[in-house]
Amino acid sequence: MQINDTDLIVQAQKGDQNAFEELVYRYDRNVLSITLKFALNEDDAKDLYQEVFIRVYRGLKKFRFQSEFSTWLFRIATNVCLTYKTKSKEHLKVSINQEYDEDGSEFSYKNELVYDGSSPEEISSDSDLGKLVSVAVDSLSPKQRMTFILKHYEGYKIREIAEMLNCKEGTVKKYLFDAIKNLRKKLSPVYA
Amino acid sequence: MKHNEYKQLLQLSLYGELKSEEQLILKEHLQSCEECRTELEDQKNLLELISGKKKLNVDEKVLSAARYQLRGALRSEHSNKKFIEPLVFSITQFFTTPLKFAVVGATMLLFGILIGSLLFSESSGEELTMQNGNENRFASLNENINISNLRFIDSDATDGEVEFTFQASRPVRLKGKVNDPQIQSVLTYAMLNEQNPGSRLNSINAMDTKQIVEDDPEVKNALVTVVMTDKNPGVRREAMKLMSKFPYDDNIKQALLYVITNDTVSGLRIEALNSIIEAGDKGYKLDNSELNLFRSTIQKDENPYIKLRSKIILQEYN
């Protein structure tokens, strides 16, 4: 019979490493799914994933079961992602689309993934469309983006997202509404 | 209800988030409103387009790699294994002035011994013979004392006497201004030697005041050591933050370079890199051997941002 979360948490709080790992494996796929969609690249997503569980590990002894473990975990995950976004903005003084060569000698630019005036018919492959969607989602503000990812891609209820972001449901609705309004503006040439 | 509010209801209805009474209101409105019907179709199209990305699942290889890295990080979180030897080795390999750090380390060790002897002098190696007049003194020591490492010199009680040694320590409570030298000494010792990372962290945070930053080179040297050697990334991060408030000098620069090339946490490497860049903007330049480190970083570091910034630094010097 599978041990429930509460028992695992109690064991982990006593220092049982296996119990903590079991807890991690129950939720880490969802956490990685969120960080992969939120981060600028896979390496950063793995760093964020690690940061989330290190924070959980450090904070677990103070966890008093006043909320669901999953709610607490995903609140940490959203905080880590939102902090990452803020830091990225502070640090990135050059375009994130700039890229270095392997030998470090020349700068080049990735294709700027913005709408270039092609008609929907001209955007032939799914990958082109996928890139446009990704760029549009990435351009949202951190909170709009996080709300949209949690709602649209991860399927959480607005009530659950409000708990994760530690705000009111009305605020989540506003983020979601604004996110979709902005996405619509950016993608209107290709879906209309 | 205004159109904008109906639009929000449309959106929520597509996500199944409407209450039954709201659904009824929307349904009635849609029957009579061409604009909102168009809007509904429009939003459906948009969400269908975006949902292309929804099918992406987490790649098992990426998940395995992330789990592998996490296990390593968790091990280092609770591991008490000492790593001073490989650290000293890498420092001597890396820096052109290894003697400087050896001196800092030795100074810190002596400093620790000094503080220890000041605090626990009454209980370290003191010989107590249980003769008339000493009972009361021993009793007062015994009230809050922790006894360990008891070793018998003479356990034969046939002659009516035994003799043994033990180590005794007792808790000491200090309260005072944070810039008081004795308080600072204890906090500095704690940030370097305390087993509990939370206590090391609190010691660092307690010293985050302007006066200490301006006055105390001992604290700065201790922070340099913590930045390079503490096994807890959170402690290293806080130490680096406080260290950056001290006037920039060669020791700080070497510590930052060490973090950029050796620290396993990309966030810390980025913070160190940004500090080096800021110092460069203020006129603190890097020499050729230091610039070579950035050439190496471009090749070896896995973090794209660090590679990019390293490249920019090199370009600025060319």
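1. Start with α13(B), where B:Asn251, B:Ile252, B:Gln254, B:Ala255, B:Leu256, B:Leu257, B:Tyr258, B:Val259 and B:Ile260 are buried (20 or more other C-beta atoms within 10 Å of a residue's own, with C-beta atoms placed from the backbone). Helices here are DSSP runs of H or I with at least four residues, numbered from the N terminus.

2. Before going on: this is a predicted model, so local features need pLDDT of at least 70 and side-chain atom pairs count only at pLDDT 80 or more, while totals for chains, interfaces and linings use all residues. Residues are numbered from 1 along each chain as its sequence is written, and chains are lettered from A in the order in which they are written.

3. Back to α13(B), residues 250–262: its 13 residues reach 18 Å from first C-alpha to last, close to the 18 Å expected at 1.5 Å a residue (1.5 Å times one less than the number of residues).

4. Now the partner chain. 35 residues of chain B are in contact with 37 residues of chain A (C-beta atoms, placed from the backbone, within 7 Å). Elements giving two or more residues to chain B's side include α1 (3–14), α3 (34–50) and α4 (60–78). The largest share, ten residues, comes from α4(B).

5. What about α1(B) and α3(B) together? Their axes (lines fitted to C-alpha atoms over the stretch in contact, with angles from 0 to 180 degrees between N-to-C directions) come within 10 Å and cross at roughly 40 degrees. Residues making this contact include B:Tyr6 and B:Leu10 of α1(B) and B:Leu40 and B:Leu47 of α3(B).

Conventions: Buried ≥ 20, exposed ≤ 12 C-beta atoms within 10 Å, placed from the backbone. Contact = placed C-beta atoms within 7 Å.
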